[in-house]
Amino acid sequence: MQLYTHCNSCKSTIKIASNATTRPDLQMEKGDEFTVNCQNCGAMQKKHVNDIKAEPNKTVLWIGVAVAIVATAFLWMFFGLIGTLGVAIALGVSYQQMNATRGFNKYMIRRK
Ligand SMILES: [Zn+2]
């Protein structure tokens, strides 16, 4: 899962370096408001935790899919139908990413 926000001046995407998976986690880590530095125009700006959005980590999604395809092909040769479990693994990984993202975006911290 990748956290990002938008620059106030040039509207470009600013990535947030954090491993927080929920908004309260991010709040614990950075506080209610924190300063971000736009990589595009260099503007420093304060962002509230609620201004941060999450999107699924595509690398994790693709690795999940790749592993599942290999696992499915491999298992299919030996176990036939049970090999389709690989597909279930891929769906599980993708679902976990989507779910974490949705949870993050849905949950707002009460503004003081
Ligand atoms: Zn900018």
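What percentage of the 112 residues in the protein is buried? In this predicted model, buried residues make up 12% of the 112. Here a residue counts as buried if 20 or more other C-beta atoms lie within 10 Å of its own.

The overall dimensions come next. Along the principal axes, the C-alpha atoms of the protein fill a box of roughly 55 × 30 × 20 Å. As for secondary structure, the protein has three helices and five strands. Their order along the sequence is β-β-α-β-β-β-α-α. The protein is more spread out than a compact globule, because its radius of gyration is 19 Å, well over the 13 Å that the globule rule gives for 112 residues.

The chain can also be read by domains. The domain assignment places residues 2-55 in domain 1 and residues 58-106 in domain 2. Between the C-alpha centres of domain 1 and domain 2 there is a distance of 29 Å. The two domains do touch: six residues of domain 1 are in contact with five residues of domain 2. On the domain 1 side that touches domain 2, strand E5 (residues 53-55) gives the most, with three residues. By type, the residues of that side of domain 1 are one nonpolar, two polar and three charged.

Last, consider contacts across the protein as a whole. Taking the contacts with a separation of 6 or more, 59% are between residues 24 or more positions apart.

Technical notes. Residues are numbered from 1 along each chain as its sequence is written. This is a predicted model: local features need pLDDT of at least 70, side-chain atom pairs count only at pLDDT 80 or more; totals for chains, interfaces and linings use all residues. Domain bounds come from an automatic or database domain assignment. Two residues are in contact if their C-beta atoms, placed from the backbone, lie within 7 Å. Helices (H or I, at least four residues) and strands (E, at least two) are DSSP runs, numbered from the N terminus. Ala, Val, Leu, Ile, Met, Phe, Trp, Tyr, Cys and Pro count as nonpolar, Asp, Glu, Lys and Arg as charged, and the others, Gly among them, as polar. The radius of gyration is taken over C-alpha atoms; the globule rule is 2.2 Å times the number of residues to the power 0.38.
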